[in-house]
Amino acid sequence: MPAKTFYLETFGCQMNAHDSEKVVGTLIAQGYAQVPTPDEAGLVLYNTCSIRDKAEQKVYHRLQQFQRSGKGKIVGVLGCVAQQEGERIFERAPHVGLVCGSASYNQLGELLVQIENGRRRVTGLSLDTDEAFETPYTCRDNPHRAYLTIIEGCDKNCAYCVVPFTRGRERSRLSQGVMDEARRLAREGYTEIQLLGQNVNSYRDPSLADWDFATLLGRVAQVPGIRRVRYTTSHPRDFGKRIVDAMDENPVICDHVHLPVQSGSSAVLARMDRLYTREEYLERIGWLKNARRRYSLSTDIIVGFPGETERDFAETLSLLDEVEFDSVFSFMYSARPNTAALRFEDHIPDEEKRRRLAIVQERQRAIQLRRNAALIGGVMEVHVEGRHKSLGQWIGRTSCNRTLNFTHPAASDASLTGQYLSVRVTRSGPNSLVGESVCVV
Ligand code: SAH
Ligand code: SF4
Ligand code: F3S
């Protein structure tokens with residue numbers, strides 16, 4: 001087996017996906033080569049997620065599978081399960097040699113050297129860093145669309161959430177660093193940037209420039225060559241009116257806002273420690289609905305939070321009806337280590353959570369069917385992401401974050417990937433649209 005090869009599998013959110021791009025950059029800078037399967041690799045890494053119990057179990061399952069086939073390899077656990085479980089991972093999975101949480105990735109190079117020098121077990125588990133993870137080289141997966149971290153960690157303490165325990169305190173990057181990276185991405189040919197953080201709205205430039213998120217968003221949108229800017233994730237409490245103004249003023253900022261609400265009941269929101277009421281959430285939705293542009297809205301919902309009554313649940317459904325989101329990510333509450341909600345009583349049985357989840361999804365499906373059908377006949381600009389060979393269709397994404405698959409007369413071989421095209425919508429479903437490109441001569 002050639003020396004210094006690695007395989008990396010990533011679970012979880014966009015923050016993890018982007019961390020992996022940086023980890024790959026760090027490893028390549030250290031002389032490692034990436035290989036496509038664990039069998040070919042000397043070093044096997046899992047960048048893990050712990051947001052719900054299922055996500056964590058998936059990681060242990062992977063480690064067990066690998067225990068049998070992975071003799072002679074070094075196995076590393078990175079990310080949120082690494083931070084949460086720390087050295088306990090060595091007990092549960094004795095073949096693991098490296099455990100490193102995201103707040104310690106700045107030390108990853110050094111940890112790898114220790115492993116190369118024969119150390120059997122190394123850890124990077126400090127959470128009290130005030131540094132963001134910066135690499136001289138980031139190996140991005142997509143040549144057109146780039147993630148760009150602006151803030152790491154989270155200072156909110158939502159009662160159900162592990163993230164503050166797995167990613168540490170909030171750390172904003174210097175605006176200068178963000179702008180330099182945005183300009184470099186534009187020079188390298190990227191046209192779409194997605195600003196990332198667990199709570200981008202609380203971005204606060206640590207330099208004297210003292211930009212807030214709305215300022216930073218507007219400035220990134222003005223970088224020449226950048227045609228689309230997205231951001232994720234927003235916390236409603238910190239989602240100020242100035243963000244809507246920045247969006248209105250800069251058409252480059254996409255027509256989409258993901259604003260996780262979690263519940264439509266103010267009583268549940270209070271127990272979740274979300275720091276806003278239903279009314280305050282709806283006020284923000286009002287700003288977006290009354291804005292100069294039409295924005296597409298999406299959200300996250302948790303059903304079955306401890307103590308959620310039928311009435312609370314009905315309020316979540318009525319909020320879905322009132323807002324009419326274009327997409328909703330809905331989850332059954334999952335009890336997580338260290339979180340405040342662990343101590344709450346009135347846990348809802350799984351069967352009941354499943355029932356509520358199905359109702360939410362059914363209700364939302366009908367809303368999406370209706371909203372997407374209303375787009376038939378219209379023309380939308382897509383950023384082309386790739387091609388469905390078997391369907392003979394190209395895959396596009398609209399500014400409002402919908403998938404719009406389309407046919408194009410000329411291009412069966414030529415690659416349209418990365419281009420921006422106008423597409424007329426001809427059909428719709430609950431989760432996507434279908435259309436044909438409009439040749440603009
Ligand atoms: N920082 C973001 C994302 C957090 S994780 C935010 O504040 O929105 C993404 C989503 O997972 C959350 O919005 C929430 O809906 C869901 N989630 C988080 N913890 C959960 C838990 N313990 N059980 C079920 N869903 C959870
Ligand atoms: Fe978790 Fe809340 Fe922070 Fe989001 S804002 S990462 S849900 S603690
Ligand atoms: Fe999962 Fe960690 Fe992201 S818990 S959702 S990978 S921040």
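Reply: A polar side-chain atom of R52 lies 3.1 Å from an oxygen atom of ligand 1, which is a polar contact (a pair of N or O atoms within 3.5 Å; within protein, one must be able to donate a hydrogen and the other to accept it, and residues adjacent in sequence count only if both atoms are side-chain atoms). The model is predicted: local features need pLDDT of at least 70 and side-chain atom pairs count only at pLDDT 80 or more, while totals for chains, interfaces and linings use all residues. Residues are numbered from 1 along each chain as its sequence is written, chains are lettered from A and ligands numbered from 1 in the order in which they are written, and side-chain values use heavy atoms, with hydrogens and water left out.

Q198 also has a polar side-chain atom by ligand 1, 2.8 Å from a nitrogen atom of the ligand. For D300, a side-chain N or O atom is 2.6 Å from an oxygen atom of ligand 1. Taken alone, ligand 1 exposes 540 Å², and the protein buries 89% of that (areas by the Shrake-Rupley method with a 1.4 Å probe).

There are 15 residues around ligand 1, and Y160, Q198, Q262, D300 and S334 come nearest (a residue is near a molecule if one of its heavy atoms lies within 4 Å of it). Domain 2 (142-254) and domain 3 (260-374) both give residues to this shell, so ligand 1 lies between them; the domain bounds come from an automatic or database domain assignment.
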